[in-house]
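Good morning, everyone, and thank you for making time for this.

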Amino acid sequence: MTDPSLAAFQERASRQDPYFQFTKIQVEELQPGETHFSLFIEDGFHTNRLGMAHGAVLSTMTDASMGWAARTLGYHVVTLNIEVTFVRPAKAGTRIYSHGKIVHHGTRTLVGETHFYDEEGHLLLLGRGTYCIVKGIDLATEI
């Protein structure tokens, strides 16, 4: 990552964003139009009664993965639509990784995609979302 404002944005997002603090999603890397997140699946916090990550937790991370990819391009966005395809369960006690990216950049909307993998590289989830651009943000000072 060479853009100093994006590096500062990543540091602030990891440290200051209450959403990431509550969900325990880790911001691993941000690049223009892309995100890399991880999450350790905590039993009893992120899991359902079957001991696997709850769909709501994964859907939340799906939306964040793509929405923050939009933020790296300098936009505040709102979600118009997300689609989540659960491929394989994420089990308690494992770390999962997401890679989100913007695949379409229009004048008023953005479309993102994300993929989740486990520690062995197995595909866990595919996500797609459409976002409405609300306003610009200053990556050097805002999160």
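This is a predicted model: local features need pLDDT of at least 70, side-chain atom pairs count only at pLDDT 80 or more; totals for chains, interfaces and linings use all residues.

Residues are numbered from 1 along each chain as its sequence is written, and side-chain values use heavy atoms, with hydrogens and water left out.

Let me start with the sheet, which is open, has six strands in the order β1-β2-β4-β5-β6-β3, and is paired in the antiparallel sense. The strands, like the helices, are DSSP runs numbered from the N terminus, with at least two residues of type E for a strand and at least four of type H or I for a helix, and two strands are said to pair if DSSP finds at least two bridges between them. At the edges are β1, residues 26-31, and β3, each of which pairs on one side only. Neighbouring strands here are turned by 20° against each other on average, with direction ignored; the axes behind such angles are lines fitted to C-alpha atoms, for helices over the stretch in contact, and angles in general run from 0 to 180 degrees between N-to-C directions.

Going through the pairs, β1 and β2 are joined by five bridges, and L30 has T35 in β2 as its bridge partner. These two strands form a hairpin with two residues between them, and in the turn G33 has a positive phi of about 80°. Strand β4, residues 95-105, pairs with strand β5, residues 109-117, over eight bridges, and here H99 has H115 as its partner in β5. Between β5 and β6 there are nine bridges, with E113 standing opposite R128 in β6, and the hairpin of β5 and β6 has five residues between the strands, where G121 takes a positive phi near 90°. Finally, β3 and β6 pair over eleven bridges, and T79 stands opposite Y131 in β6.

Now, which strands does helix α3 lie across? It lies across β2, β3, β4, β5 and β6, and runs at about 140° to β3.

Rings of Phe, Tyr and Trp, the last by its six-membered ring, pair if their centres lie within 6.5 Å, and planes under 30 degrees apart count as stacked, over 60 as edge-to-face and the rest as tilted. F20 and W68 form a tilted pair, 5.1 Å centre to centre with 50° between the planes. This pair links distant parts of the chain, with F20 in helix α2 and W68 in helix α3, 48 residues apart.

That leaves the pockets, for which a 1 Å grid is laid over the protein atoms alone: a pocket is an open set of points where a 1.4 Å probe fits, with protein on both sides within 12 Å along at least five of seven lines, and lining residues have an atom within 4 Å of a point. Volume is the space filled by probe spheres set on the points, which are joined across faces, edges and corners. The largest pocket holds about 190 Å³, and its lining includes D17, Y19, W68, R71, T79 and Y131. The largest share of that lining, six residues, comes from α3. The second largest pocket has about 150 Å³, and among the residues that line it are R88, K91, D118 and H122.

Conventions
Contact means heavy atoms within 4.5 Å.
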